Amino acid sequence: ALIFCLALAGCGSKEERAVKDAVRFYNKTLIEAFIKPNPDLMADAATAKQQERVGLYIVDLMQKGRVLKGSLDSISFGKIRFEAADKASVDTKEDWTYEYLGPDRKPMGQPKKAHYEVTYKLLLQQGDWMVDSIDIHKEK
């Protein structure tokens, strides 16, 4: 692991910032993809594997006549790990507010709050960090 950090010119700065930015961009894009609803929007934020997962969930919601409207209220980053020069993971704690909207875009109930503890796994693809998978460890 130390060799990879040295190869990344000191994992502590530029690459760690790039990983955090990629996670922030992923969540911003995820919110937009769910509300539009358009899973193709994820192409610049996630690998094909993760795009497919998001797309399946969006399609499932659409078949149920729902759209998900969410907002990321806060995110804090934990340890960032570089498993290889092109593989990283980061733990986060996140607070979200979300609600389901019907076909008429009217709320289907009250907005809900949720807290998640998440591990993002990212791959470096063509110079950009992309979210490859997400593991939710804790949900409140």
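Q: Which helix does Tyr-57 lie in?
A: This is a predicted model, and in it Tyr-57 lies in helix H3.

Q: Is Tyr-57 buried, exposed or partly exposed?
A: Tyr-57 counts as partly exposed, because its relative accessibility is 36%, and a residue has to be under 20% to be called buried or over 50% to be called exposed.

Q: And what does Tyr-57 touch?
A: Leaving out residues up to four places away in sequence, Tyr-57 touches Phe-34, Leu-68 and Tyr-100. As for Asp-40, which is 17 residues apart from Tyr-57 along the chain, the two C-alpha atoms are separated by 13 Å.

Q: How many residues does H3 have, and how far does it reach?
A: H3 runs over residues 48–63, which makes 16 residues, and from its first C-alpha to its last it reaches 22 Å, close to the 22 Å expected at 1.5 Å a residue.

Q: Which residues of H3 are buried?
A: They are Gln-50, Val-54, Gly-55, Ile-58 and Leu-61. As background, an α-helix has 3.6 residues a turn, so residues three or four places apart point the same way.

Q: What about the other side of H3, and what covers the buried residues?
A: On the other side, Ala-48, Glu-52, Leu-56 and Gln-63 are exposed, while the cover over the buried residues includes helix H2 (14–35) and the strands S1 (67–84), S2 (87–101) and S4 (128–139).

Q: Next topic: how many residues are in the largest nonpolar core, and which have the most contacts inside it?
A: That core has 27 residues, and the ones with the most contacts inside it are Val-19, Tyr-26, Met-42, Val-90, Tyr-120 and Leu-122. At least two of its residues come from each of H2, H3, S1, S2, S3 (112–125) and S4, and the largest share, seven residues, comes from H2.

Q: Can you pick one of those, say Val-90, and tell me what it touches?
A: Not counting residues up to four places away in sequence, Val-90 touches a list of residues that includes Val-19, Val-23, Phe-77, Ile-80, Val-118, Thr-119, Tyr-120 and Leu-122.

Q: Thr-119 is on that list, so where does Thr-119 lie, and is it buried or exposed?
A: Thr-119 lies in strand S3, and it is buried, since its relative accessible area is 8%, where the cut-off for buried is under 20%.

Q: Switching to backbone angles, what is phi for Arg-105 and for Gln-126?
A: Arg-105 has a positive phi of about 65° although it is not a glycine, and phi of Gln-126 is near 50°, which is also positive in a residue other than glycine. For comparison, most residues other than glycine have a negative phi. Arg-105 lies in the loop between S2 and S3, whereas Gln-126 lies in the loop between S3 and S4.

Q: Last one: what is the mean pLDDT, and where is it below 50?
A: The mean pLDDT of the chain is 91, with 91% of residues at 70 or more, but over residues 1–10 it is below 50. Where pLDDT is low, the predicted coordinates should not be read in detail.

Methods. Residues are numbered from 1 along each chain as its sequence is written. This is a predicted model: local features need pLDDT of at least 70, side-chain atom pairs count only at pLDDT 80 or more; totals for chains, interfaces and linings use all residues. Side-chain values use heavy atoms; hydrogens and water are left out. pLDDT is the predictor's confidence in each residue, from 0 to 100. Contact means heavy atoms within 4.5 Å. Helices (H or I, at least four residues) and strands (E, at least two) are DSSP runs, numbered from the N terminus. The expected span of a helix is 1.5 Å times one less than its number of residues. Buried means under 20% relative accessible area, exposed over 50%, partly exposed in between (1.4 Å probe, protein chains only). A nonpolar core is a set of buried Ala, Val, Leu, Ile, Met, Phe, Trp, Tyr and Cys residues joined through side-chain atoms within 4.5 Å.
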